[in-house]
Amino acid sequence: MIQLDDKNTYKDYLINKYENNRNCASLVEDVLKNTSQYELYVRNQLTNFQNWSLDYDIERKTGKLHLNDSTLAFSKILDTASYSDSRMVIEAPFLKKNLSLNKSSKVYDVCLGTGATTIGLKRLGINHIISNDIDDEMIKIAKKHALEEDVSLIIDKYDWREMGDTSMGNADAILCLGNSLTYIMRPHEHERIINLFYGMLNEGGKLAIDIRNYTELLRGNFQNKGTGPYKEMESISIDPILVHTDMAVLRYGLKDGSVEKTDLLLYPFKDGEIECWMRNSGFKDIKIYGDYKEKFDSKTVDFYTIIGTKT
Ligand SMILES: C[S@@+](CC[C@H](N)C(=O)[O-])C[C@H]1O[C@@H](n2cnc3c(N)ncnc32)[C@H](O)[C@@H]1O
């Protein structure tokens, strides 16, 4: 799912750690050989956060995590959690209304996942949609759903960090939903991505981003009641494994145990962080909804949806 971008940092960390060991080089090679790509990525991330390396025993913590290079298990969990009629009948009208979409609107769904948002909007007659995702397993499931629904998909496969000329040209709306931006761990990259999205919109175009209620997660009050956009929560389990101001690891599983549990490494956004990047990029009229409501109790909402307009 996430490409290992900086293996050397982890290697350096190991070398420092084992510097007094005479066989250091071969020990390091051994550790790297027996470690999955995703696990390496996680360890690398952990060593990049100073506080983590001080507060946590990285070897012990990562040894306990369910790290998986393949996204097959997670794509099945996500599909169960987020592809449903109950989601689509609420989400699509909410987006249509609050993003002022009509039949000729050009929409760019930057994280297709297993297809709920794109397909839900197509069911409402909003057909001019290009969808994007980097994950082949997710795309495969989305294509299957599209076939069942008799709708067609146009799919790009950009990493948001490298989005250039998309198949669409400028859009009237960009959607980054399903708690997706949180996959990017570094705040300067959030800022850059939001800037890129701003550049891809027409004047008057709108960007919608949603995130979990990380403020409450950071307070030790994780909630997943299904009051938000994602309705099928009774069949999946989500357990916080590690919670830190710079990083959270959530363990996802299916309650029937039919797929292996998967740990996701996520960035816990702070209050106002996304609005701040959006404002810096030039977005105006920024609105925040809690579980799709304009008035909400921030202690109890599952999800926030943030919408800004390019003016
Ligand atoms: C939690 S899923 C949400 C999918 C969908 N939007 C939904 O609500 O069901 C996040 C999606 O973002 C995709 N993704 C993560 N990082 C990405 C990146 N850097 N560029 C493009 N897609 C990415 C993942 O492959 C995954 O399908």
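**One lysine, then its sheet**

Reply: Happy to! K287 is partly exposed, because 14 other C-beta atoms lie within 10 Å. By definition, 20 or more other C-beta atoms within 10 Å make a residue buried, 12 or fewer make it exposed, and partly exposed is in between, with C-beta atoms placed from the backbone. This is a predicted model, in which local features need pLDDT of at least 70, side-chain atom pairs count only at pLDDT 80 or more, and totals for chains, interfaces and linings use all residues. Residues are numbered from 1 along each chain as its sequence is written.

Me: Thanks! Which strand is K287 found in?
Reply: K287 is found in strand 9. Helices (H or I, at least four residues) and strands (E, at least two) are DSSP runs, numbered from the N terminus.

Me: And what is the bridge partner of K287 in strand 10?
Reply: The partner is I307. K287 and G308 are 21 residues apart in sequence, with 6.4 Å from C-alpha to C-alpha.

Me: How many bridges pair strand 9 with strand 10?
Reply: Six, in the antiparallel sense. Two strands pair if DSSP finds at least two bridges between them.

Me: Is strand 10 mostly covered or mostly uncovered?
Reply: Mostly covered: seven of its eight residues are buried. Strand 10 also runs antiparallel to strand 5, joined by seven bridges, and L207 stands opposite G308 there.

Me: What is the order of strands in the open sheet?
Reply: The seven strands go 3-2-1-4-5-10-9, with mixed pairing. Strand 3 (155-156) and strand 9 (283-290) are at the edges with a single partner strand each, so one side of each has no neighbour in the sheet.

Me: Where is there a parallel pair?
Reply: Strand 1 (residues 107-109) and strand 2 (residues 129-132) pair in the parallel sense over three bridges. Y108 has I130 as its bridge partner in strand 2.

Me: Switching to helices: at what angle do helix 7 and helix 8 pack?
Reply: Helix 7 (residues 85-98) and helix 8 pack at about 70°, with axes 9 Å apart. Axes are lines fitted to C-alpha atoms, for helices over the stretch in contact, and angles run from 0 to 180 degrees between N-to-C directions. The two helices are therefore roughly perpendicular (65 to 115 degrees).

Conventions:
Angles under 35 degrees count as roughly parallel, over 145 as roughly antiparallel, 65 to 115 as roughly perpendicular and the rest as oblique.
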